[in-house]
Each structure stands twice: as structure tokens, then as C-alpha cells.
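Please look over the sequence and the model shown here before reading on.

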Amino acid sequence: MIYFDNSATTKIAPGALQTYQAVSEQFFGNPSSLHVIGEKAFHILEQSRQQIADLLGVDHNEIFFTSGGTEGDNWVLKGTAIEKRAFGKHLITTSVEHPAIIKSMQQLEKLGFDVTYLPVDQFGRIDPADLKAALRPDTILVSIMAINNEIGTCQPLEAVADILKDYPNIHFHVDAVQGIGKGIQEAIFNERVDFVTLSGHKFHGPRGTGILYKKRGRHLAPLLTGGGQEHDLRSGTENVPAIAAMTKALRLLLTDETEKVHRQAAIRERLFNHISQSDKTVMFSQLTPDFAPHILCFAIKGVRGETTVHAFEEYEIYISTTSACSSKKGTESSTLKAMHVNEKIATSAIRVSLDEYNTLEEADAFIKAFDQINERFKKINS
């Protein structure tokens with residue numbers, strides 16, 4: 001079995017799974033309880049918070065635990081809107097964001113907020129000049145993803161940060177769900193970035209775990225109120241075993257990160273060089289430094305994406321269309337649509353997404369299967 005769908009989810013790391021089991025058995029108390037069992041769980045919780053902060057180069061009081069990227073994105077957007085609505089109702093994002101951002105923005109529009117969706121070029125990248133032109137006196141938030149989850153475009157976060165240095169009252173949020181562990185941590189945690197969202201199951205942690213980095217001094221209204229956990233900003237009993245497991249997964253991810261990134265880039269390059277030779281393929285991802293090392297998106301002309309996905313499944317190779325969140329709907333990629341890709345080509349798009357455990361031998365097996373599948377489709381189409 002070859003798993004090339006790591007942007008959808010990753011297999012939990014064995015070490016993280018062991019941590020989950022150990023903490024579940026030994027530290028099962030509620031971290032808000034006053035007795036010694038609760039105190040032990042609270043110690044594990046705060047130890048995890050400190051370890052994550054150290055790994056990300058931030059302060060432990062800037063780390064908050066969530067259920068994943070969707071909650072984190074919703075919290076930043078809606079929490080900013082609630083907190084800063086007296087100062088303005090204008091928000092800026094891009095036209096190629098994850099649905100957690102796009103749909104949250106659409107919901108805020110129904111509540112009277114004004115949203116600017118920045119256009120992208122043929123590679124899915126925004127022009128920082130468009131951002132600067134879109135800024136207004138009533139702008140309260142800019143939300144830009146680090147790496148596009150469909151085609152792997154890296155957005156110019158540092159250029160955006162440079163522009164926003166002149167606008168210190170605007171919240172700057174980065175959705176880094178696809179970006180952590182891919183060699184761009186310095187850009188993600190730029191000193192001008194105020195909020196960063198991460199999702200544990202994207203880096204071999206358990207599902208239902210996430211991290212929100214909130215810069216000290218930035219205010220965000222809570223979406224979940226109740227018992228006052230997470231400094232009264234995100235109520236609900238913390239899932240201590242899962243948080244500890246996510247912490248272990250993050251530490252493993254960032255160990256030898258440069259070597260892992262180079263290995264993924266080498267696999268992606270081998271796949272790209274072979275697939276792009278076919279006159280029946282259209283490549284959306286590129287082999288340039290401003291594309292992520294782990295995502296390769298392409299289309300086989302005349303074949304719907306789901307058909308190609310199932311064809312590879314016959315070889316026990318697992319890939320996806322463009323986004324796991326929308327793949328079962330059979331709709332065209334929102335990113336490719338924003339790039340003005342022909343709809344017929346866009347609905348043929350598929351995505352290969354790698355992790356640090358994939359190998360060149362798996363890439364060669366994929367290439368062999370691709371040749372056979374491509375030849376079969378040529379015969380059918382002819």
C-alpha cells in the first residue's frame with residue numbers, strides 16, 4: 001500500500017500513539033480538578049504547552065489548544081470580528097483559502113461585515129500590491145494561508161508582513177495547517193504575524209487536536225464559553241492525552257526537518273519530471289521554490305479526477321482529487337477556479353501529497369502505475 005494523501009490526513013506516529021495510551025492510562029484526571037490526580041493532568045497539559053512553545057519559538061502563554069484547523073480558523077476570524085467590530089468591519093483574505101476561511105468569511109458577510117477576496121495569478125499566488133491597495137481605515141483583519149492545500153502554492157507571507165508593519169492595529173492571521181514542518185517556519189512565525197492555526201492530524205498527531213498561536217497583547221473574543229479553560233478563551237475540558245500525543249508528533253516532525261523536506265522534494269521532483277512528459281497531462285504545481293515540497297497537483301485530460309483516483313486505488317496507491325473536504329462532492333477545485341483554469345480541466349485535477357515517510361521506491365511504483373493508467377485512458381478516449 002502506498003499512501004500519497006497526506007494533505008488530507010496523516011497516519012498517527014507510533015511514538016505519538018504510545019504517548020496517547022500512556023497518558024490516558026496514567027494521567028486520566030480532569031486538569032481543572034483540585035486533587036492530586038487533576039494536578040498531574042494539569043502538569044502534563046502545561047508541559048505540553050511549554051514544549052510546543054519551545055518548538056515554535058514563542059512564549060507558552062501564546063499557545064492555545066483547539067480541536068483542529070477548522071476551529072482555529074473560525075476562532076480567529078469570528079473572534080476578531082466580535083472583538084474589533086467597533087473599530088471596523090472590513091476583512092481581507094484570498095480567493096484560494098481553505099473552506100474553513102472562505103465559509104467563515106461568507107458567514108461574516110451575512111452579519112454585515114465587508115470582505116475583500118484577493119485575486120491570484122496563474123500559479124495561485126497573490127500580488128502583495130493588491131493587498132496594499134485593498135487596505136482601508138476600517139480594515140481589522142488580514143488572513144493569508146501559508147501553503148495552498150490543493151496545489152501547494154506558498155503565499156508571500158514575508159512581503160505581506162512588511163506591508164502590515166505600517167498597520168499595527170490590523171490582525172494578521174496565517175493558516176499554516178499545510179505549512180508546518182515544510183521548511184518555512186521562519187516566514188510563518190514572522191514577528192508581524194499575530195495568529196497561526198495548526199492541525200495535529202496533518203503532522204501525525206491524533207485527529208481532533210489543534211494549536212492556535214495568539215501573540216501576546218492581541219485580543220480575541222472566545223467562541224466557546226463555559227468553564228474558563230485556556231485562560232477563559234476556549235472553554236471545554238482539555239483532551240490531555242491527545243494534546244500530549246500531538247506535542248510528541250510535533251517534536252518528531254521538526255527533528256531533522258531540513259533533511260525531511262529535501263527528501264519529499266526529491267520524490268516530488270521525480271514524479272513531476274515523469275508525469276509532465278505526457279502530452280495528456282496538465283501540471284498545476286511547479287518545481288520552483290515558491291511551491292511546497294510535498295504537494296503535486298496535475299490533471300489527465302479527458303478523465304475526471306475521481307476516475308483517476310479509483311484507477312490508482314486498483315494498484316493500492318491512494319491519492320485524492322484536490323481537497324479532501326470537497327472531493328466527494330465532485331466539484332471543481334476552488335483554487336483552480338480562482339486561477340481561471342478551464343472547468344473541464346479543473347474537474348480532472350488530482351493531488352499527490354507526501355510526508356517524511358514516503359520513499360523514492362514508492363515514487364517509482366507510482367510512475368509505473370501512472371504509465372499503465374495513462375495508456376488505458378488513451379485507448380478509451382480514442
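## Charged pairs at partly exposed positions

Asp138 is partly exposed, its relative accessible area being 24%, where buried means under 20% relative accessible area, exposed means over 50% and partly exposed means in between, with a 1.4 Å probe and protein chains only. Its partner is Arg136, and the two side chains meet in a salt bridge with an N to O distance of 2.9 Å; a salt bridge here is a side-chain nitrogen of Lys or Arg within 4 Å of a carboxyl oxygen of Asp or Glu. Arg136 also counts as partly exposed, at 31% relative accessibility.

This is a predicted model, in which local features need pLDDT of at least 70 and side-chain atom pairs count only at pLDDT 80 or more, while totals for chains, interfaces and linings use all residues. Residues are numbered from 1 along each chain as its sequence is written, and side-chain values use heavy atoms, with hydrogens and water left out.

## Salt bridges across the sequence

Side chains of opposite charge can pair when their charged atoms come close. A search of the whole structure finds 17 salt bridges. One of them joins Arg49 and Glu230, with 2.8 Å from N to O. Arg49 belongs to helix α2 (residues 36–56) and Glu230 to helix α8 (residues 229–232), so this pair ties together parts that are 181 residues apart in sequence; helices (H or I, at least four residues) and strands (E, at least two) are DSSP runs, numbered from the N terminus. Both Arg49 and Glu230 are buried.

Another salt bridge is formed by Arg376 with Glu314, whose closest N and O atoms are 3.6 Å apart. Because Arg376 lies in helix α14 (residues 360–381) and Glu314 in the loop between α11 (305–313) and β11 (317–318), the pair ties together parts that are 62 residues apart in sequence. Arg376 is partly exposed at 29% relative accessibility, whereas Glu314 is exposed, with a relative accessible area of 59%. Elsewhere, a network of salt bridges links Arg192, Asp194, Lys215 and Arg218.

## Overall form

The protein has 14 helices and twelve strands. Its radius of gyration is 21 Å, close to the 21 Å that the globule rule gives for 382 residues, so the protein is as compact as a globular protein of that length; the radius is taken over C-alpha atoms, and the rule is 2.2 Å times the number of residues to the power 0.38. Along its principal axes, the C-alpha trace spans about 70 × 50 × 35 Å.

Of the 382 residues, 57% count as buried. Among contacts with a separation of 6 or more, 72% are between residues 24 or more positions apart, contact meaning heavy atoms within 4.5 Å.

Ala16 lies in helix α1 (residues 14–26) and is buried, with a relative accessible area of 0%. Not counting residues up to four places away in sequence, Ala16 touches His204, Ala245, Lys248 and Ala249. Phe189, by comparison, is 173 residues from Ala16 in sequence and 24 Å from Ala16 in space, C-alpha to C-alpha.

Gln264 is placed in helix α10 (residues 257–275), and at 2% relative accessibility Gln264 counts as buried. Leaving aside neighbours within four places in sequence, Gln264 is in contact with Lys182, Pro293, His294, Leu354, Asp355 and Glu356.
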